[in-house]
Amino acid sequence: MKKITKSLSYRNLVKRPARSIALMLLAAFLSFSVFGGTIIVGSLRSGLSSLQDRLGADIMVVPYEAATKSDLENIVLQGNTGYFYMDSSYLKKLAAMEGIGQISAQFYLASASSGCCSIPVQIIGFDPETDFTISPWIKKSYNRPLQDMEIVVGNSLNAFVGDTLTFYGTDVHVAAKLDRTGTSLDTAVYTNENTIKTLIQASLDKKLNNFGDINPDKVISCVLINVAEGYTIEDVLNDINLHVRKVEAVQTKNMISGISGSLKGISDVIGILTAAIWILSLVIMIIAFRMSVNERKKEFAVLRVIGASGKKLFHIVLTEGILVSLSGSLIGIVVGALVILPFGNFIEAQLGLPFLLPGGLKVAGLACISLVASVTAGSFTGALASYKISRMDTGLILREGN
Amino acid sequence: MVLKAEGVSKQFLRETKGTNIFMAVKETDFELPEGMLTVLTGRSGSGKSTFLNILSGLLEPTAGKVLIGDKELYQLDDTERSRLRNRLFGFIPQGQSAIHSLNVLENVLLPLTLYGEGEADQEYAYELLELMGIAELAGSMPSELSGGELRRMAIARALVGKPEVVFADEPTGDLDDENTEIVLKLLKQTAERGTAVLLVTHENDALAYADAIYRMSGGVLEKV
């Protein structure tokens, strides 16, 4: 004969649908808050880490005006378009300084318009011979040297491999599309030094460049530096700022410290909200289970009379707790996935911070952890009520109300 | 199997009436023989139900022991005692005692399905429902039954496992004369089949069916 204990727990839940749904919703809140919270905080952290990786240099040297006008942060961190130039001789000067490990120049240009995008895009040029920041990243998507008039597009741009885009009347071909970084770099276009010089010249020819009197062959936008072993970033940074005029050396770590601060603030808020939801939900669940058990005291006494041990009663109520919290938690995770995963771009736009959703495996792992956490918490509230009912005075309850 | 109580007593702590200790059952020896319908009468609050709960393994006495065969009931741990209660005892509690998430037949079969051991005798369950006059309600939920029907369902549930001892706490309280007679006859027949039956009641109708009568007054049990 089939044991009735499990089906009794299930039937108890079905018999009282309003209470069961309310408990399931509370369990759903628990898992939703953990799953959603960890996904958002995790995505922000991944975004920041991705940004750090993409910046990939200890120091950026830019024209003094660019640093003071915050042009640099606007381009690198906020995803705004912009460009600035300094004389290419700075590269040689900086390369000759003490403590320089890796060094490479970059070139910036903003497109006026293009087929891929409704807004101007940032074009970033790099020297394939010396580059150490963009090339390793591009290699993940495109394992060949970038030819002249070829570009690589950021993941968020509406352009695909094989497309031809036109910047300032000059056609360039999309050779690869990069992996998503969750940062402003997803909306940029990357190309080699020769191509960007051609594009800068085209912008000058069309009189669409704010720097009307520059020679593309003699300018660079910034210099990226990795400090050599045995030197500190601060020492090299101070040395540059002290000895090289009209430029500003900026520590990349400091550039993203503002983002780190915002991320910490958001993480704290999410943490506090999650804790509040948990405390509130757990208290309500404890009360609801307690009320439900009190309401059925006589039934439990009857089960005791016909031979259910205290342990069996404990299992019946605990099973109810597990069933309700398991189903509620699954709902919470599914809702969390449906609400957060498809709207990564929207959340990124709202928060104004790099936002890189974790991969499928990590999301599955987080879902499992959230499920276990909320089922454990939900079961704990059931266990509290079970403990009480397993220790009740059966004789006294049988006589109550008679 | 004979159920025996040796020197059992039960006292409760009561802080509202002058003295702290209330003696619900004074030191009592008792024997519930198989094959007999024993009726225990007494006024409300006389200690009848407390005594019944002690005998049925639901309430540990303050002193004394309860023996079922050669087993001392309160020497067993809760799980063993509960299994023994499930296997050997049938209990008809006071008042309504349905499990509301189960239908009438499932309620009746509950003692047999609680541990999922052996075969549940559905035919016998139907037979009991027939005897109780509620066979047509087998698939109904308890909320659809009247108080009397629920009581009859509880009686069928107590008997379905063919227990060796049946405890009945005011089993005819909600029943009309006709059903009262049916229930009392059934308990009598159960006793005649070799079961030890203890019927706690304050109704005189039961006395006519009794093989032995006890009265409890102020926690003191005496044979009538």
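Tutor: The side chains of A:Arg16 and A:Glu295 form a salt bridge, with N and O 3.4 Å apart. This is a predicted model, in which local features need pLDDT of at least 70, side-chain atom pairs count only at pLDDT 80 or more, and totals for chains, interfaces and linings use all residues. Residues are numbered from 1 along each chain as its sequence is written, chains are lettered from A in the order in which they are written, and side-chain values use heavy atoms, with hydrogens and water left out.

Student: Why is the pair A:Arg16 and A:Glu295 called a salt bridge?

Tutor: The term requires a side-chain nitrogen of Lys or Arg within 4 Å of a carboxyl oxygen of Asp or Glu. The N to O distance for A:Arg16 and A:Glu295 is 3.4 Å, so the pair meets the rule.

Student: What makes this pair a tie between parts of chain A?

Tutor: A:Arg16 lies in the loop between H1 and H2, whereas A:Glu295 belongs to helix H10, so the pair joins parts that are 279 residues apart in sequence. Helices here are DSSP runs (H or I, at least four residues), and strands are runs of E (at least two), numbered from the N terminus.

Student: Are A:Arg16 and A:Glu295 buried or exposed?

Tutor: Buried means under 20% relative accessible area, exposed over 50%, and partly exposed in between (1.4 Å probe, protein chains only). A:Arg16 has 15% and is therefore buried; A:Glu295 has 55% and is therefore exposed.

Student: What makes A:Val41 a buried residue?

Tutor: Its relative accessible area is 11%, so A:Val41 is buried. A:Val41 is part of helix H2 (residues 17-55) of chain A. Contact means heavy atoms within 4.5 Å; leaving aside neighbours within four places in sequence, A:Val41 is in contact with A:Ser267 and A:Ile270. The C-alpha atoms of A:Val41 and A:Ser267 are 5.8 Å apart, although 226 residues separate the two in sequence.

Student: Why is B:Ser56 called buried?

Tutor: B:Ser56 has 1% relative accessibility and therefore counts as buried. B:Ser56 lies in the loop between helix H1 (48-55) and strand S4 (63-68) of chain B. Leaving aside neighbours within four places in sequence, the contacts of B:Ser56 include B:Phe89, B:Phe91 and B:Phe167.

Student: How do you know that chain A and chain B touch?

Tutor: In chain A, 28 residues are in contact with 37 residues of chain B. The two chains bury about 2800 Å² between them, 59% of it on carbon and sulfur atoms; buried area is the accessible area (1.4 Å probe) that two parts lose on being put together, summed over both. The rule finds two salt bridges across this interface. B:Glu106 forms a salt bridge with A:Arg11, with the closest N and O atoms 2.5 Å apart.
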